[in-house]
Amino acid sequence: MRIDGRVNGRVLDAVLAVAVTSVVAIAIAADLGGTRGPEPVAFLFAFGLGALMFVRRSYPVLTLAATVAGIIGYYLADYPPIGLAIPVAAALYSTAEAGRARVALAVASGLLAVTTAFRLAEGDDPAYLLGYEFASTVGLMAAAIALGDGVRSRALLAAEQERRARRRMEEERMRIAREVHDVLGHTVTVISIQANVATEAVDDDPEAVRAALGVIRTAADGAVRELRATVGLLASPDDPSRAPVGSVRHLDTLVRATSESGLPVNTTVEGVPRPLPSAVDSTAYRIVQEALANSLRHAKATRADVVLTYADDRLLISVADNGRGRQSALDDAEDGGPWTGNGLRGMRERAELLGGVLTVESSPGRGFRIEAGLPLEWR
């Protein structure tokens, strides 16, 4: 059966309390010095130092301060010596674990200086005090502080790893959502438009119906292939042999389907084409795909132009149409325009994820233009 962490912590605190009380009580009973013997009041110090272990987690610095005050008060009363390391070690550990390692070091150093000076003034043997006892006390204190700081560092590292894992999961979720949106959005638009064409021509233009159905079949087949590729890519994301789900190599098919759906598209390539990193290749295709889908659905355009420019260190993408442009936020909201959905945001997120930029220009009657720059050296 799994025991709650709080129960484990209480058990550990109880063990430490018993250990500290026992060690200090044994040292008092040994009566190795001091002008006063092991009186009952002296043993109250032992119980008090042990009881502090129950609050060390909630109030680590306060516990350390109370422990130091108790030890100094004990020695001022001139009871038998009890050492320093054991009574104060757990408090030093808890303070360092709470992220106050410097406080623990400062308190330990000050306590060592004060108590050592006091005991030398009381006539303790310098050879013993500054030799074996001092070295062992310093070693145990340093170990307690180092252990507490190490435990804190490991906890912070584990928390950071958990945050990174959650962030990777969120990024993967968003990537899947974008892939599905991009694959289906353009295809559904093409199918819807061609279905309307077929409906209008079914009675008097069989050839137009057949042409529309052909475009629908091609678009559907392409969507199925891309969805399969998407699933395969998500199943094996680190397989270098897999091509991007979408690629600039497939732009001809995308442009042809868009043109056959009623929006003629002119494509221009400037510069010298070169192999693109997989992520850049896929992102470039998706940006063009989403931009053309928006033009086809919302712009009421009669022409669109796609320009790919291979610069020295960047791939520049421009997609522009001669449609109505952005009328207003209200108009966009009423007709489900590109300013209200996930498409534009998804394009910008894709570009920024690679260290690129994406800008949008649009005004009433002057069309819609999307421009993006993607780095060619992305890894």
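**Entry 1: α2 and α3**

I started with helices α2 and α3, which pack at an angle of about 170° with their axes 10 Å apart. Axes here are lines fitted to C-alpha atoms, for helices over the stretch in contact, and angles run from 0 to 180 degrees between N-to-C directions. Helices (H or I, at least four residues) and strands (E, at least two) are DSSP runs, numbered from the N terminus. I noted α2 and α3 as roughly antiparallel to each other; angles under 35 degrees count as roughly parallel, over 145 as roughly antiparallel, 65 to 115 as roughly perpendicular and the rest as oblique.

Ala42, Phe45 and Leu49 of α2 make the contact with Thr67, Gly70, Ile71, Gly73 and Tyr74 of α3, where contact means heavy atoms within 4.5 Å. I sorted these residues into five nonpolar, three polar and no charged. For that sorting, Ala, Val, Leu, Ile, Met, Phe, Trp, Tyr, Cys and Pro count as nonpolar, Asp, Glu, Lys and Arg as charged, and the others, Gly among them, as polar.

A note to myself on the source: this is a predicted model, in which local features need pLDDT of at least 70 and side-chain atom pairs count only at pLDDT 80 or more, while totals for chains, interfaces and linings use all residues. Residues are numbered from 1 along each chain as its sequence is written, and side-chain values use heavy atoms, with hydrogens and water left out.

**Entry 2: aromatic pairs**

I found three aromatic pairs, counting rings of Phe, Tyr and Trp (its six-membered ring) whose centres lie within 6.5 Å; planes under 30 degrees apart count as stacked, over 60 as edge-to-face and the rest as tilted. One of them is phenylalanine 45 with tyrosine 74, edge-to-face at 5.4 Å centre to centre and 80° between the planes. This pair links distant parts of the chain, with phenylalanine 45 in α2 (residues 40-51) and tyrosine 74 in α3, 29 residues apart.

**Entry 3: α3 and α4**

Next I looked at α3 (residues 60-76) and α4 (residues 85-97), which pack at about 160° with axes 8 Å apart. They too are roughly antiparallel to each other. From α3, Pro60, Val61, Thr63, Leu64, Thr67, Val68 and Ile71 meet Pro87, Val88, Ala91, Leu92, Ser94 and Thr95 of α4. I put the tally at nine nonpolar, four polar and no charged.

**Entry 4: the sheet**

Which order do the five strands take? I read an open, mixed sheet in the order β1-β2-β3-β5-β4, where two strands pair if DSSP finds at least two bridges between them. β1 (265-270) and β4 (357-362) stand at the edges with a single partner strand each, so one side of each is left without a neighbour in the sheet. β2 (residues 304-310) and β3 (residues 314-321) pair in the antiparallel sense over seven bridges. Valine 307 has serine 318 in β3 as its bridge partner. Helix α9 (residues 278-299) packs on this sheet and touches β1, β2, β3, β4 and β5 (368-375); its direction makes about 10° with that of β3.

**Entry 5: α8 and α9**

Last, I checked α8 (residues 251-260), whose axis comes within 11 Å of that of α9 and crosses it at roughly 5°. That makes the two helices roughly parallel.
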